[in-house]
Amino acid sequence: MKSGKEEEKEDKQISQSVEEDYANMKKNSVMYQEEATINDLKEEYKITGDNDLYTIEIESDGRRVLTVKPSINYEVAFCGMIKGQTPNFEEIDEIYAKNSPTKNGIWINEKDRERIVNYLNQNDELKSQYGVTKEGYLTISDETNLSEKDNKIKQLIEGDKQYIISIASKCYMVDPVTGKIIENRYNDLEEYQTYEYFEDDKKTILFISENTEKKLTNDEIFQSLIDLIK
């Protein structure tokens, strides 16, 4: 039977060996090299998408990874929402230029405007009344007795960021490995997931779960959105 000192010595040797292996791995692995290029990292991670899709991010331990540019995923998600099916890269620029809202505030996808406004106006925690402009932007009226959540929505409407909202249990994104546009049925993977979202600078697009299986109440979904953007 080993003594306490022997076990302590053995543990130190194991720890030292692990640290040495990690140091050698960092020294020899492309992902830890400062001069690593997108092509180098694509080969390291077995990624096959076009170079223009990616940007290099640095993790907390210094490891370099490739991620799809936020602006590309954002535009793909928006164009998929507008088209209602998988968009092609060739049509992204045209669809986005023709349909993307240009002002700050909360813009609601056309098919969902009535449903969202009705929910807000029937919500017991909201004291104001809501509407939507011809352009699709959410408006707030009767500001004499705003609740805490009314005030939060008012801040978003009048703020310097843009929020796009659609009710959909699927959306579209760029597969980080293949670089192809794929359908993301996020609600099929996690039925309690209330939303999926994409961000690009001061713009956010939110896809709200259709909640077809009624796993959550509409109020629970609404609260999760408030928690996300507060």
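I take buried to mean under 20% relative accessible area, exposed over 50% and partly exposed in between, with a 1.4 Å probe and protein chains only. By that cut-off, 41% of the 230 residues of the protein chain count as buried.

Notes on the source. This is a predicted model, numbered from 1 along each chain as its sequence is written. Local features need pLDDT of at least 70 and side-chain atom pairs pLDDT 80 or more, totals for chains, interfaces and linings use all residues, and side-chain values use heavy atoms, with hydrogens and water left out.

Overall fold. I read helices (H or I, at least four residues) and strands (E, at least two) as DSSP runs, numbered from the N terminus. The protein chain has eight helices and 10 strands. I took a contact as heavy atoms within 4.5 Å. Among contacts between residues at least 6 apart in sequence, 50% join residues at least 24 apart.

Strand β10. Five of the six residues of β10 are buried. I count strands as paired if DSSP finds at least two bridges between them. β10 pairs with β6 in the parallel sense over six bridges, with Phe 207 as the bridge partner of Ser 166. β10 also pairs with β9, in the antiparallel sense over six bridges; here Ile 205 is the bridge partner of Phe 198. The hairpin of β9 and β10 has two residues between the strands, and Asp 201 takes a positive phi near 60° there.

Largest pocket. A pocket is an open set of points on a 1 Å grid over the protein atoms alone, where a 1.4 Å probe fits, with protein on both sides within 12 Å along at least five of seven lines; lining residues have an atom within 4 Å of a point. The largest pocket holds about 470 Å³ of space. Of its 24 lining residues, Ile 116, Tyr 119, Ile 208, Phe 222 and Leu 225 are the closest to the centre. β3 (105–108), α5, α6, β6, β10 and α8 each give two or more residues to the lining. Which element gives the largest share of the lining? It is α8, with six residues.

Key
Grid points are joined across faces, edges and corners, and a volume is the space filled by probe spheres set on the points.
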